[in-house]
Every structure is written in C-alpha cells, then in structure tokens.
Amino acid sequence: MARSALTGTRIRERRLALKLRQAELARAVGISAAYLNLIEHNRRRVSDTLLEAFASALGVASVALSEGAESALFEALREAAAGSAMPVAGASSDPLDPGELERIEEFVGRFPAWARVLAARQERVAALERVVETYSERMAQDPFLLDGLHEVLSAVTSLRSSAAILVETPDIEPEWHARFLETIAQESLRLSGAAEGLVEYLDEMEAEETGPASPQEQLEAWLTTRNWHIAEFERPDPPDPEEIIAATPELAASAAKELARAHLVQALADTRALPLKPFLAALGETGPAPGQLAARFGAPMARVFRRLATLPEGVPGVPPIGLVVCDGSGALTLRRPLPGFTLPRATAACALWPLYEALSRPMQPLRMPVDMAGRLPQRFMTYAFAAPRVTGTAESQGFDGAAFDGAGFEGPVLMEAMMLILPAPLGATETARPVGTSCRVCPRAACPGRREPSLVALR
C-alpha cells in the first residue's frame, strides 16, 4: 500500500495527543526510539506491518495514519474541479489544466484553510444541486404533485363555470339557482382542501432542504451519529421501532421516517436472530468471514452482512466494515462508508465493483480484493452477494430466509445486492481488481468500464 509523505507527521501528532513519549511508543511497536524519531520526521518509510502496529498502539485505523483527514479533502477538490469543467449557460470557463490536478496535495499543504473553504463550498453546491434535481424530478414526475395541481385546476374551472352561469343568466329559475350555489360551495371546499394539501407537501419538501437533501441521506446521517449500531435492540426488552423514530428529530421528512422504520424493523429482526454475545464469540473464532458465520448460525447471507456492518464500535479484533446495498437498477439504496473507500452520492458508482457483478450471478457469493484508485491507491477485501427479493408479504428464501407464498409467486421478482468492504489482510498476495469511485473523478484512464472521460489520469 502506498504511503503519504506525511505518515510520520500524523504518527507524531497522534502520539503527542495521547501524551506518549517516543520511547513508550517505540517499545509498544517493537522498534528503537531513534528509528521512531526518523519515522516521525518522514525520513523512513513505514511498512504495512509496522503501520498496523502503530495504528493498534495509537488506537486509530491504519488509514487515518496513511491517508489522514486530507483524503476526503482531496476528493472534494477533485469534485470542485469536475464542476468547473462543466459548461454553464451564460458563463465562459476554460477547462482546468490536468497538470494542476497533480498539485492538489501541494495546495492543501500550503493553503489548508483555503482548501477547506473551497471543499465546503463544493459540498454546499453539490447539496443545492441535489435539491434542484429533487424538485425538478418531483415537478415532472411526482404523481401526488400532478394530481394536486389537477385537483386545484379542476375546482377552479368548476367554480368559474358555475359563477359565470349565475352572472350571465339573471332570470334563472330558483331551483337551478340553488343548485349552482350548492355547487359553488362544494367546489370551494374542494379547492380549499387541495390547496392545503399542496402547501403541506411543499412545506415538507422545503424542510428536506434544511437538512440532507434526500430521505436516504437523512437516514444515513442519523445512523452515522449512532455509528450504525442500534444499542437499544441489544437489550432483553428492546423498544418498538416507533419509539426510536418518535425520539429522532433528525428524521424531518416523512419519507425518511418510512426508510428508518423499515431499517429498524430489519435491524431488530437481525439482532434477535443473531444475538450479540454468541455472534461476537463466533466472530472471534472465524474472523469477519460472512460465509462461515452464515453456515454456523444457519442464517441468510444478507442478515450476516448487515450484522457485521452494524456491530458496536471498538469490538476487539474486528476492523471497521463498510456496507453498500443496491437494487436491480444499480441504484445505491444504503451506503455505510469505510475510510479510503469513497462512495458516490449523486452520481453512479464504478461499474467494476463486485456489487454489480453479483447482480448477474445471483445466489453466488463473491470474495474479491480490490484496489481503490486515488492519489494513494488502497487495497480492500470485498464480499458480495445478490438474490431476488419478491414483492408482497414474502421475501426470497435465499436472501432473507422467508418462504414464498402466493403473493411471492404472483409478484414481480426484484434483485438486490450487497457488498461488505473490509481493509485487506496484511501480507495478502492475491491479485486485486482495480476499481474507482465514479468515472468522473477516477484516475484510471484505460478502464474498460469507463462511461465518461476522466478528469485525472494515472501516470
């Protein structure tokens, strides 16, 4: 794994934050204090084994020492460069010189505050773009919005017609006069109800803008604050999911609450099927091997995937684990990121991810090491699995263990795939598949799965 020139500096900063002396840290990792001094001044390269030892002694993930917090900053700046290359109506902009992209690290090093400002602005622009896209899609396709507008126009047309008849026909019979007045009263109530419904719906859309742009992002942001673990469900008397949702103001939109409700119901079922203590005991014997754990507990693969990705933080011997879920269209429906393995938000992901290969090979588990492209390519081990999910009350026997019933046979069969992401084992020699985040910022120029030109290219 490649190392940043600042790895030693990060080790020193972490040691000082923990108030450790060089001799204490050197003794913990099995090297001399003099050699540690050279490392901290970036005069010696840190091997994979030694980096893991430093990470364990300092209580951080190894990627935090090798890549640091700048990794996300570099990706944000690349996104900003990508946005500047896109044509904007009424504005003239020259494409960014590819050579300038090679100086991102220099820019961050010399002007860290300006780099963070630019990255924050890019994040805000991206969020606003997602809001505009959401509004545009709803205005064009949302059936509720279209039906609401049609209801308003229909009521207004009926009111105008009835009022016009009363005004233009002064000698109308009393019986018909009363009927038209009754129609006007009824249509007025209908117009008022339709208008109130539209206002409430638009207010809900505006509320979504104040937080994450989409219900899925609201759910993921809330789960991130909990480290993706619902500790209440580990108790002998777990609360009802509705109690947790009611006490969660972060879930502003009703759609976000629906997603959270489905997630919590599934998480509660996973916790009951795979209790924490027995699962951790088995994990200590097998390691994070989903196939072995599924066989040991007789549990569906998807359930084991979810349980591994939502364990409590700091379980000894268990590395941080990421999880990505997609439906049959390839859209990412759940994203738990892992440091170094960047997940796209508003764009399509890399077509070479094992996640998508699993869709074409249902019920067949895939284990594949991958090299994530970037300024510092990093290696990960991925496990992918896909199976049909059936509409109605039944789910796929192979995916979640529920048997088919009549509704399952009658409904359409939909595919769903999952991919676990773990740091690659130390000393792994398997050939890894080169992958990226998305074509837009992937530096692999000769990638066979490329959909659009890359902004950067590996030299």
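The paragraphs below take the cores, the aromatic pairs and the hairpin in turn. The model is predicted, and every value that follows is computed from it.

The largest nonpolar core has 43 residues. Within this core, Trp 222, Leu 308 and Leu 420 touch the most other members. Helix 17, residues 301-309, supplies the largest share of the core, with six residues. For Leu 308, leaving aside residues up to four places away in sequence, the contacts are Phe 279, Leu 283, Pro 290, Leu 293, Ile 321 and Leu 420.

Phe 341 leads on to the aromatic rings. A pair of aromatic rings is described by the distance of the centres and the angle of the planes. There are five aromatic pairs in the structure. In one of them, the ring centres of Phe 341 and Phe 380 are 5.4 Å apart. Their planes stand at 85°, and because an angle over 60 degrees counts as edge-to-face, the pair falls in that class. Phe 341 sits in the loop between strand 2 (332-336) and helix 18 (354-359), while Phe 380 belongs to strand 4 (residues 378-390), so the pair ties together parts that are 39 residues apart in sequence. The relative accessibility of Phe 341 is 1%, so this residue counts as buried. Phe 380 is buried as well, at 3% relative accessible area.

Trp 353 and Tyr 356 form a pair with a centre distance of 6.3 Å and planes at 10°, so this pair is stacked. Trp 353 is buried with a relative accessible area of 0%. Tyr 356 has a value of 18%, and it still counts as buried because the cut-off is under 20%. Ring pairs join Phe 341, Trp 353, Tyr 356 and Phe 380 into a cluster.

A ring also takes part in a contact of another kind. Arg 179 lies over the face of Trp 176, and the distance to the ring centre is 4.6 Å.

What remains is the hairpin. Strand 1, residues 322-327, pairs with strand 2 in the antiparallel sense over four bridges. Leu 323 stands opposite Arg 336 of strand 2. Four residues lie between the two strands of this hairpin, where Gly 330 takes a positive phi near 95°. Strand 2 is mostly covered, with four of its five residues buried.

Key:
Residues numbered from 1 in each chain as written. Predicted model: local features only at pLDDT ≥ 70, side-chain atom pairs only at ≥ 80, totals over all residues. Heavy atoms only, no water. Core = buried A, V, L, I, M, F, W, Y, C linked by side-chain atoms within 4.5 Å. Buried < 20%, exposed > 50% of the residue type's maximum accessible area, 1.4 Å probe, protein only. Contact = heavy atoms within 4.5 Å. Phe/Tyr/Trp six-rings, centres within 6.5 Å; stacked < 30°, edge-to-face > 60°. Lys NZ or Arg CZ within 6 Å of the ring centre and 35° of its normal. Pairing = 2+ DSSP bridges.
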